[in-house]
Each structure stands twice: as structure tokens, then as C-alpha cells.
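The exercises below are meant to be worked through with the sequence and the 3D structure open side by side. Each one sets a task and then gives a solution in steps.

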Amino acid sequence: MDKIKMNKSLMRRIVRSVEKAIAEDVPQYLREHHKETNNAIIQLRGDYINDNLRNMVVGENIELVPFKRYSWHGRILVDRIEKISYTITTKQTLHAVPKKHRNKPHFLQSILYMENSGYEAPIKQLTLMDIYPFEEEVLQNDFSSIVEGLIDPNEGYRHYVIVYDAVGSELIDIQLEFLDKDFDIIEAASLNEYIKPDFSRLTDVEPVDEDLNDEVVENAKGLLKVKSGLRPKLKDISKQA
């Protein structure tokens, strides 16, 4: 079957790991370590995500497989029961991978080739990967150097990508994507339902015109007068639904 296998409990913990890094961990670090510039913030976010995966997601049958690309260290999350591996990346990074011509495969190119070659998206798109393909042997060797025997594609593993988009310290979108080896989407599922609403933002107040002051609203218990100059402002949280 080409359909996504959804482990809701696992997805909830993964989303929490990503959201905590974006909304809590990185802002706290920046508050405590003020610098003139913060050029490393993107890498810092990934470090916190991996820490959160270790502390909040890894369990008896869920493992983190480490790998290294030059001086950069990455992690692959592996569900040993369902035979599914996961990586987490931003939407911008994922979209850039198949468009960039490179001398060595991106790690996702090798992983998708080795684990998802038996699947094909219903809609195919021509990409630069079709013009500059890597030889099968190159992809196999690169995959072996990444997983170092900790994932055997012959055991029926498939790979899913957790793709997120953030603005500042807010996680605004997160998806589970099942891609074929050409990065075309076989199936995708929104994980936005697992994003924790920020209720503090629902009760922000803002100044209003004087002619709207002292508005009287009737409720079941009688009359309630709104304080002069202030009115509750309900913010749209459709992005977090």
C-alpha cells in the first residue's frame, strides 16, 4: 500500500518536539545569550529539535540514528515496529534539495532512493534530478555511510519527512510527507491539529475609538461594562487549528 501509516501518538510527540524548539527553547536561549548578531539561529533550532526528540520521543521501539555530513551532525528517527524512518526539515530546505545540482547526493536523496524506490507518486514532475541523476552505486554507498548498518532497506523500511514552516518563534504549519525517490508527493497529511494553541494571544487588548468606549454588553447574569479604552481582541488562530 502507498498510503501513509499514521502513528498519532508518535506524531503528537514529534510536533511537540519541533514546536518546543521554535517557541520556547530558541527564544529562551536568545534571551539568556544576547549577541550582536544571531546568524547561527537556524542550526540552533535543529539542535534543540534533536534534543527534544531524544528526551520526548525516543522510547523502547523508537530510536535516533546519528549521521554526519562534513561538520554537520544529523539524526534519523526510526520506528522499529512499523519499519518507518523519519527526518525533520523546513519546507524551504525540502523544496531546494531536488533543484540544486551537487557533486554529492543530499542525504535525503540517498535515503529516499534506498527506502522509497518501490513507490511512485500519482503525479510526477520534471526536476533537475531528472537531468543530473546520481548513479545507483553512488546512492547506495552514500546511504550505507549515513546509516552504517542501523537501517536495512531490505527489511521493508519506508521514509517519511516531517516538513515544517515557522515565522519567528511560531510554528505555523507542519506536515507528514511520503515522497518517492524523485521528491514527488505520494501522500501528505497535516499535523497542525497537534500544534498547541497559544491562549495568551487570544486575550490581547488594543486601544479603540472613544466613541466605542463604555460599550454595554448584556449577558445571562446582568449587565457587564467594558473598561474604557480597552476591548478584547480575538486573534485568528486558523493557522494553529
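**Exercise 1. Methionine 11**

Locate methionine 11 in the secondary structure, decide whether it is buried or exposed, and list what it touches.

Solution. Begin with the position: in this predicted model, methionine 11 lies in helix H1. Next take the accessibility, which is 0% for methionine 11; since buried means under 20% relative accessible area, methionine 11 counts as buried. Then look for its partners: leaving aside residues up to four places away in sequence, methionine 11 touches Met6, Tyr86, Ile162, Leu176, Leu191 and Tyr194. Finally, find glutamine 175, which is 164 residues from methionine 11 along the chain, while the C-alpha atoms of the two are separated by 10.0 Å.

**Exercise 2. The packing of H1 and H2**

Describe how helix H1 and helix H2 pack, giving the angle, the axis distance and the class of the arrangement.

Solution. Two packed helices are described by the angle between their axes and the distance between the axes. For H1 (residues 8–32) and H2 (residues 41–56), the angle is about 130 degrees and the axes are 8 Å apart. To name the arrangement, recall that angles over 145 degrees count as roughly antiparallel and those from 65 to 115 as roughly perpendicular, with angles under 35 roughly parallel and the rest oblique; H1 is therefore oblique to H2. The crossing of H1 and H2 is right-handed.

The contact itself can then be read residue by residue: H1 contributes Arg13, Ile14, Arg16, Ser17, Val18, Lys20, Ala21, Ile22, Asp25, Val26, Tyr29 and Leu30, and H2 contributes Ile41, Leu44, Arg45, Tyr48, Ile49, Asn52, Leu53 and Met56.

**Exercise 3. The packing of H4 and H6**

Carry out the corresponding analysis for helix H4 and helix H6, and state how the residues of their contact divide.

Solution. The axes of H4 (residues 107–116) and H6 (residues 136–147) come within 9 Å and cross at roughly 105 degrees. Because angles of 65 to 115 degrees count as roughly perpendicular, H4 is roughly perpendicular to H6. On the H4 side the contact is made by Phe107, Gln109, Ser110, Ile111, Tyr113, Met114 and Glu115, and on the H6 side by Glu136, Leu139, Gln140, Asp142, Phe143 and Ile146. These residues of the contact of H4 with H6 divide into 7 nonpolar, 3 polar and 3 charged.

**Exercise 4. Threonine 87**

Where is threonine 87, and which residues does it touch?

Solution. Threonine 87 is found in strand E3 and is buried, with a relative accessible area of 3%. Not counting residues up to four places away in sequence, threonine 87 touches Arg75, Ile76, Phe107, Leu108, Ile111, His159, Tyr160, Val161 and Ile162.

**Exercise 5. The chain as a whole**

Summarise the secondary structure, the burial and the confidence of the chain.

Solution. The secondary structure comes to 6 helices and 10 strands, and 38% of the 241 residues count as buried. Of the contacts with a separation of 6 or more, residues 24 or more positions apart account for 66%. As to confidence, the mean pLDDT is 83, and 78% of the residues reach 70 or more. Over residues 202–241, however, the pLDDT is below 50, and beyond near neighbours in sequence this stretch has 48 contacts in the model.

How values were computed:
Residues are numbered from 1 along each chain as its sequence is written. This is a predicted model: local features need pLDDT of at least 70, side-chain atom pairs count only at pLDDT 80 or more; totals for chains, interfaces and linings use all residues. Side-chain values use heavy atoms; hydrogens and water are left out. pLDDT is the predictor's confidence in each residue, from 0 to 100. Contact means heavy atoms within 4.5 Å. Axes are lines fitted to C-alpha atoms, for helices over the stretch in contact, and angles run from 0 to 180 degrees between N-to-C directions. Helices (H or I, at least four residues) and strands (E, at least two) are DSSP runs, numbered from the N terminus. A crossing is left-handed if the near helix is turned anticlockwise from the far one by less than a right angle, and right-handed if clockwise. Buried means under 20% relative accessible area, exposed over 50%, partly exposed in between (1.4 Å probe, protein chains only). Ala, Val, Leu, Ile, Met, Phe, Trp, Tyr, Cys and Pro count as nonpolar, Asp, Glu, Lys and Arg as charged, and the others, Gly among them, as polar.
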